[in-house]
Amino acid sequence: MLTVYDAARCPYCARVRIALAEKEIEYEAIEIDLSDRPEWLYEKNATGRVPVIEEDAWILPESAVIMEYLEERYPEPALLPADPADRALARLWIFRHDDLTRPYYALRRGDEDAAERFDAELAKLDAALEARPWLSGVAFGLADIAYVPWVLRARDMLHVSLDAFPAVSDWVDRLVERPSIALEVEVVAALESASR
Ligand SMILES: N[C@@H](CCC(=O)N[C@@H](CS)C(=O)NCC(=O)O)C(=O)O
């Protein structure tokens with residue numbers, strides 16, 4: 001049985017939860033209180049961060065690496081395109097996720113220019129999603145999973161409007177039809193109502 005050291009509020013953990021749900025892999029989730037982390041978490045990940053997965057005493061941190069591991073260990077359904085060029089482009093999105101997440105965290109901190117910076121990144125996503133239906137290319141996949149946790153949290157917790165970004169709005173509408181993402185929408189709604 002796979003174990004996930006998890007935190008509901010963590011968008012990096014959301015990547016792993018979504019990938020596992022898409023692949024219908026059973027796992028045990030151990031919720032970590034990030035404000036009062038157990039000492040033993042540092043033995044599993046020297047940075048003390050989540051997510052971490054554990055399988056038969058074998059341990060792996062880092063959400064992007066975990067997603068790739070899950071894709072190779074449990075290849076069906078495929079979440080990376082078959083074509084090597086498309087796979088590389090999906091990986092490029094994942095590699096550059098900081099472009100979106102840095103302004104997201106700036107927005108959460110209330111930095112002065114953060115809203116403009118975040119909107120500029122949404123505009124980049126919008127242009128990409130106008131050209132192709134998914135960040136992963138012609139089909140849903142890991143690049144979409146890598147970005148959607150922050151977009152949902154921005155929309156539902158930071159009240160960022162997606163109205164000016166029709167291709168992003170359409171992408172989110174298509175994503176939330178997937179049970180794996182619908183579950184994350186519920187996680188985010190619970191976080192939002194707990195914070196009120
Ligand atoms: N690069 C890591 C980032 C994980 C991360 O930053 N997790 C946050 C929660 S969202 C965390 O554990 N924060 C605790 C800390 O930074 O001490 C990944 O992709 O898994």
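These notebook entries record what I looked up around the ligand and among the aromatic rings.

**Basis.** I worked from a predicted model, in which local features need pLDDT of at least 70, side-chain atom pairs count only at pLDDT 80 or more, and totals for chains, interfaces and linings use all residues. Residues are numbered from 1 along each chain as its sequence is written, and side-chain values use heavy atoms, with hydrogens and water left out.

**Ligand shell.** I listed the residues around the ligand (a heavy atom within 4 Å): Cys 10, Pro 11, Tyr 12, Leu 34, Arg 37, Arg 49, Val 50, Pro 51, Glu 62 and Ser 63. By class, this shell has six nonpolar, one polar and three charged residues; Ala, Val, Leu, Ile, Met, Phe, Trp, Tyr, Cys and Pro count as nonpolar, Asp, Glu, Lys and Arg as charged, and the others, Gly among them, as polar.

**Polar contacts.** I looked for N or O pairs within 3.5 Å. A ligand nitrogen lies 2.7 Å from a side-chain N or O atom of Glu 62. Ligand oxygen atoms are found 2.9 Å from such an atom of Arg 49 and 2.7 Å from one of Ser 63. Taken alone, the ligand exposes 510 Å², of which the protein buries 77% (Shrake-Rupley method, 1.4 Å probe).

**Aromatic pairs.** I found seven in the structure (ring centres within 6.5 Å; planes under 30 degrees apart are stacked, over 60 edge-to-face, the rest tilted). One of them, Tyr 5 with Trp 40, is edge-to-face, at 5.6 Å centre to centre and 65° between the planes. Tyr 5 belongs to strand 1 (residues 2-6) and Trp 40 to the loop between strand 2 (27-31) and helix 2 (41-44), so the pair ties together parts 35 residues apart in sequence (DSSP runs: helices H or I, at least four residues; strands E, at least two; numbered from the N terminus).

Methods. A polar contact is a pair of N or O atoms within 3.5 Å; within protein, one must be able to donate a hydrogen and the other to accept it, and residues adjacent in sequence count only if both atoms are side-chain atoms. Rings of Phe, Tyr and Trp (its six-membered ring) pair if their centres lie within 6.5 Å; planes under 30 degrees apart count as stacked, over 60 as edge-to-face and the rest as tilted.
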